[in-house]
Structure formats: C-alpha cells, structure tokens
Amino acid sequence: MGAYLIRRLATLPLLLLGISAASFALLNLAPGDPAEIVLRQRNPAQLPSSAEVAAMRIELGLDAPLPVQYTRWVSRALAGDLGQSYVTEQPVAAQLARRTVPTALLTAAALALALLVAVPIGILSARRRGSSLDAVARLAALVGAAAPSYALAYGLIILFAVKLSWLPALGYGSAAQMILPAAALSLAPMAQLMRLIRASMLETLGQDYIRTARAKGLSEQTVATGHALRNALLPVIGAMGVHLGYLLSGAVIVETIFTWPGLGQLIVGAALTRDYPVVQGFVTYIAVVVLLVNLVADVALRVADPRLRFGRGERFRF
Amino acid sequence: MLGLFLVVSLLLGGLLAPWLLLDDPTEINLPERLLSPSMTHPLGTDHLGRDTFSRVIHGGRMTLLAAITTLALSMTIALTVGIVSGYHGGWLDTALMGIVDLLLAFPSLILALAVAGALGPGLLNVLLAAGAVWWVGHARIIRAVTLGARQMEYVMSARVTGAGNLRIILRHIAPNIIGPIVVIASLDVGWIILGIAGLNFLGLGAQPPTPEWGAMLNDARPHLQTAPRLLLIPGAAIFLAVLGFNLLGDGLRDLLDPRTMQTPG
C-alpha cells in the first residue's frame, strides 16, 4: 500500500507538467496575438496600432522565447501565482479560489442527489430483474442519459419557477436557489450510476458465494444487503473520479444557465474572450483536482477491496 | 425500432431540408415575431420572426453535418493512435497510452472548451475541439483489438510470406476493427450531438443567424418568460436525436460482438 501510494504520488508532478505544457503549447499555437486580443478587450472601439501591440507584448512577457515563457509560468505557478486575467486584470489564482466553493457545493449536492436515487433504484432494479420496476428504471436511465442538461435546466425553470413559482430560477446564496441547478446537474450522472449499479449488482448476484449464502438458508434480503451490496458498490467507488469529471463538465453549462458564480461560469467567460491566463490556470487547476480525486478513489478502492492489494495492481477501468 | 425511426427521420429531414419548400430559416420578418403555432408556422416563429419549424429542420442538418465531421475527425485520430500503438508496441505504445490516460482523466467538455477558447468562437473550431478530445477512449479500444489481432496465426503466416506492415494492417488487422468501430460510432453520435450542441449553446460555436439547435437555445434565453416554446422545441430536438442514436447504438451493440465494448463517456 505504502509503495503503491508513493508510486502514484510520484507520477502526479509528471502528469501535471505534461498537462500544463500541453495547454501552454495549445494556447500559443492558436491563431491570433494575445497582446492584440488584450488591447482589443480593453478598448473595443479602435484597432490597436502595431506600436501598442509591441509594447503590450513586452508588458505581458510575450517577447521571450516560448520555453522561457513556459519555465517562467511554471516557477510562478509553483509559488501559487497563476498570472493575471487579461480582461479583469485580477490574479487568476484568487479568482479560482473564490469560485471553487460555489462549484464544490453544487457538484456535491448533485452527486449526493444522484447517489441517493441511483443506489436504491439500481439495487432494486437488479434484484427484480425483468419486473415492471426494472423496465421503468431502465427506460428512465436511457432517457436520462439522452437528456441535455441545458434543455432539462430550462424545462425545470419553466415548470417550477415560471409556471408554478415554487422555486427561484436564478442566483446564488440560499438553499432554495440550489435545488434546481443541482437537480439539472444530477440527472446525467444519476442515469449512468443507476446503470452501473444495476449491472454490478447483477454480476455480484450471479457469484458462487451468493449461491452459498442462499443455500445456507439466508433470507433474500440478508443476501442482497449483507453479502452482495458490499461488492456491488465497489465499481461505484472506482467510478467516482470519472463522475467528478462529468459533473464538472455539466457544471459549466448548468452554472451558465442559473448564473451560479462558480468555476464553470469563469471558464466560459474566459473561453469566449480568449482570456488565456485564466484558461491556462483553470486547466491546470482542474487537472490537479481530477488527478487527486482519481488518486483518492483508487486508494479508497484498495482499502475497500483487499483483493486489489495483492493482485497485479491494475487500476479499475470501465 | 424507435431508435431507427428517430434516426431515419433526422437523416431524411437533414438530407431533404433544402428541397422541403420550407421558409428561409434565416429570413428576418419582424412583423411576424414570436407568433404562436399556426397553419403557416407549425411551430410558431422566433423573436426575429423566423419560422421555428424550418429552423429546427435546418438545424438538424447542421447538427448531423457537425456530428459526422467530428466523428470522422476523432475516428481518424483514434484509428491512427490505436493501430500504431497496438501494432508497434514497445516504447511508442507506452508513450501514446500515457497520453491517452492523461486525457481520459480530464473532463472532456472542459478540454473542448479550452481548445475552442484558444481557437476562438466558430462552428469549425468547435468541431476541431470536439474531435481533438473525443478520440481518447476509442484509441484504447482499437489498440486492444489490434493487439489481439496481431497475435493471430494468420498474421504470423502473412508475415512469413513476406507481407509488409501496411499490407498486414490493411488486409489482416483492419477487418477485425470494423465491427467495434461501427458500434462505437453509432453510440458516439448521440454523445457528440450533446457535446457540440452544448458548446454552441455556450456561444462558442455556430454564430447567428446559423440555424443550429444549441445556438437556437442560446438565442431563446431572453424569451424564457414570454415564449418558453422557443427553448423547449430545440431542447426536445436535441433530446430526441440523442435518444435515437443511443437506442440505435445499443441495438447494434447487441447485434454485433459485445466483447470489446466499453461505456463511452
């Protein structure tokens, strides 16, 4: 376990270096001169002169060769300085920090909601395979996976905020304002988790030790919750990292619709205005978060499933 | 069957859109703005008086074209990386799969957003961005199939008879890959439509007045209170298209070999 953890932790900096270098290269290979973009952002009324652009290039440090720019960026990033936004001229790191809490709240609420619905229904669906409940649950999962979060979000707003006036449609601050965005965000992971849990429960219920447990005369309830469930939930732990990715992707859209002041709104705005330092800082930041969550999920899986600790050490994949 | 029906109607609508004698989807007609559905405008008109039905049909055409382009782009990358990785093996395999693992861990929409942000707004840029991030999972599957096929005895005997690498790949390995690819592709179209419409909705892709479902949703945002229909119609169109392709893909997967499949995402 210790050796495994050390090995995994040791590869993290390498991965991060890879991601940051890739995003740096991407932004610099992209057409258009950042200096010119900055000047146009600050003064949209007139085209900047070439002298102004040249001065801005020096101000932004864009006149140095790319490898120099990149090393400069990395050494500053290590000190927690991710540069300044071209548009708002605020430090990127502070913006990321400020917007992390709303996004964390929203994704946590959506994940909790998804699990709360998906786990019991997925289990029931597997235990009563072929029943009408199973059929309805599978259909719901199929529909849920196809529903675009943006259309769903507007459907919820129209129904609950415009027609029924039960819930506030927009804004951030109160618990009531979180209900609609969290619901809109949770549907897709809910559908996927339900399929995953159903499949994993079915597989577990077909194992030999389940037959043994049944042969011992244990009730179906004890077999399902006492014996099968623990193993059936293992893939869910393993999939948490992936689902965090889905949630973050979904949050980008949901936050934009509900004017939720989180990371998603920040990156959309930055992508639209080509605010490179924000995009670069954001990509690196998300990479850190996703890699850490994946690491935690893998470690949790090893804690929960001793077989993996003695196996070939392969990661769980889906 | 429902999947097939939905996909076929989308294809027909998309292919025939220019010949269906619909109103011009981009023609602005302010006196007729925000009309409710009627005989002349089956789904009403939008805030600029454009016929919503015509825009949905033309939007389907745009969506299909976009999805197919993205699919072709991402499949080309996935095939190249997968085959090279599986066939060559060794350090190249390790390096390529390392990149794949890295990208797999990253949320795809955010990556596409970063790429689209770097390239600037525009439908073509969105397609490039989506294609550039979408291939990763598939490369892994194609690599696994290639790896399996390479160890077959008929590949060995082909090599003994003096066949070159290219010939072995095209004649002996490629046929193994076609089955999985068909299934992946059909399961994929739905996800790609969702992703591209999402980027368009965010305003990064198709610019007005192009009829595109995601962009139509974005356009309709200010009219949430007065004409919720304008949001619900393109939303339903995206939903039905994605559902259709997902159902069709599931059916194809059951029909063809299910062994090498993974859940896409």
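Buried area is the accessible area (1.4 Å probe) that two parts lose on being put together, summed over both. The model is predicted: local features need pLDDT of at least 70 and side-chain atom pairs count only at pLDDT 80 or more, while totals for chains, interfaces and linings use all residues. Residues are numbered from 1 along each chain as its sequence is written.

**View 1. Domain 1 against domain 2 in chain A.** Domain 1 (20–78) and domain 2 (96–307) of chain A, with bounds from an automatic or database domain assignment, bury about 820 Å² between them, 62% of it on carbon and sulfur atoms. On the domain 1 side, A:Leu27, A:Ile37 and A:Trp73 lose the most area to domain 2, together 55% of what that side buries.

**View 2. Contacts between the two domains of chain A.** Counting heavy atoms within 4.5 Å as contact, 10 residues of domain 1 touch 7 residues of domain 2. The count of salt bridges between these domains is 0, a salt bridge being a side-chain nitrogen of Lys or Arg within 4 Å of a carboxyl oxygen of Asp or Glu.

**View 3. The interface of chain A and chain B.** Here 46 residues of chain A are in contact with 46 residues of chain B. The two chains bury about 3,700 Å² between them, with 77% of it on carbon and sulfur atoms, and the salt-bridge count is again 0.

Terms used:
Chains lettered and ligands numbered in written order. Heavy atoms only, no water.
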